[in-house]
Amino acid sequence: MQSPLPVRDGVNATRLRLPDEGPWDTAMDYMMHRWGHIDPQGIEDRFDAGEIVGEGGIPLHRGTKLEDHTFIWYYRTLPPETRLPVELNILHQDEHILVVDKPHFLPTTPGGTYIQESALVRLRNQLDLPDLIPMHRLDRMTAGILLLSTNPGTRGKYQVLFEKRQVQKEYECVSAAEPAAGHPAVDFPVVVRNRMTKSRSYLLAEVIDGEPNAETRIDLLRTFDGGTHPGSVAAGRLGLYRLEPHSGKTHQLRVHMASLGLGILNDAFYPELLDKAPDDYTKPLQLLARGIRFVDPISKKPVEYRSRLQLSEVR
C-alpha cells in the first residue's frame, strides 16, 4: 500500500493498522493506549498539527473515530544515532539502478537501533533519491555488492529477476582449511541442501526435516596460513571459499558452512551463539558478496558487478 506521506530525512513514514473494534472511541485513544506512556504530549501535538494522516493523506484530529480509517501513517521521532565508522562505495549508477559496496556492520535497511545508520537511509540522503529501494538484502555483518532500484517505473522489471531466481550471486568467505573435529572431510566442490526456517522471534535460523528449500554450492579456492600478519585475529591453516547460493534464506551461507564444520571466521551466531557484545570493528565477519550477474531487463545485455572490497583475513 502506497504511503500518502513522502520519505522524510531518508526514512519512510510508519504505517499503523487500527483495530476494527475495542475499548477506544478515537484513533488518538488507540495511539495513547499503544504509546501514551512514552510521549503523550507528543501524540497530542501531532494530531493537532495534522501530522498523522489516513488513506488519501487526510489529516486526523483528536476526535477522528477509530472506525473512520483502517490504516494511518505518521513520522516516527528518530533517536540520535552515533555514526558507524564505515563507508559505502558507489560502483555504478544509472537512471534505473544503483550498485554499491556495503561495508561490514552497516545494515541494509532501517530497523531496531539503526535507522539513519543504514545503507538505504544514508544513500537516500547522500544522493537525494527518496525513491531508492534495495532489490535484495545483505546481513548487517556481511559486506559486498548491494543492488538498489532508483526508478519506480522500472523497479518491477528488476524485482521479477530476483523472484524468478534469474540473478546469480557469488560470495567469498574465510574459514578453517579443515572441518572441525567430529565432522567428516569434504570433497570440494560440494552442494549443501536442506530445509531452513527462521522465526522473527528467534535470532538463529534452524535446519528442520522436510523438502529442501535452501541450496548452496561451495568450493575451496585456496588455503593459506592465518595469524602471520600484525593484528591478525586468526591462526592456523585457513581457507578461502567461493559460495554460490541457489536460494536466499536468512543466514543460509553461514548455516551451510557451519553444517560442514567450517563455521565462517568471526561468526558470532554459527555454529555457536556467542554472548552479545559491542561491535568489534577489527573482527568483521569474513563473508563478502563478491559479485552479482544477470541479464539487464532494460538493455537486454548480460551485466556483472564485482565488489572491490577484500576480506581482512585473506593473505
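Colleague: Which residue just after helix 5 takes a positive phi?

Modeller: Gly 261 does, with a phi of about 80 degrees. Keep in mind that this is a predicted model.

Colleague: How confident is the prediction, then? What is the mean pLDDT of the protein?

Modeller: The mean pLDDT is 93, and 97% of the residues reach 70 or more. Over residues 229–233, however, the pLDDT is below 50. That stretch has 10 contacts in the model beyond near neighbours in sequence.

Colleague: How do I read a pair of aromatic rings?

Modeller: Use the distance of the centres and the angle of the planes. This structure holds 8 aromatic pairs. Trp 24 and Tyr 30 form one that is edge-to-face, 5.0 Å centre to centre with 75 degrees between the planes. Trp 24 is buried, because its relative accessible area of 19% is under the 20% cut-off. Tyr 30 is buried too, at 9%.

Colleague: What about Phe 294 and Tyr 305? Why is that pair tilted?

Modeller: Their planes meet at 45 degrees, so the pair is tilted. The centres are 6.4 Å apart. Phe 294 sits in strand 12 and Tyr 305 in strand 13, 11 residues apart. Both residues are buried. Ring pairs also bring in Tyr 158, making a cluster with these two.

Note on methods:
Residues numbered from 1 in each chain as written. Predicted model: local features only at pLDDT ≥ 70, side-chain atom pairs only at ≥ 80, totals over all residues. Heavy atoms only, no water. pLDDT = per-residue confidence, 0-100. Contact = heavy atoms within 4.5 Å. Helix = DSSP H or I, 4+ residues; strand = E, 2+ residues; numbered from the N terminus. Phe/Tyr/Trp six-rings, centres within 6.5 Å; stacked < 30°, edge-to-face > 60°. Buried < 20%, exposed > 50% of the residue type's maximum accessible area, 1.4 Å probe, protein only.
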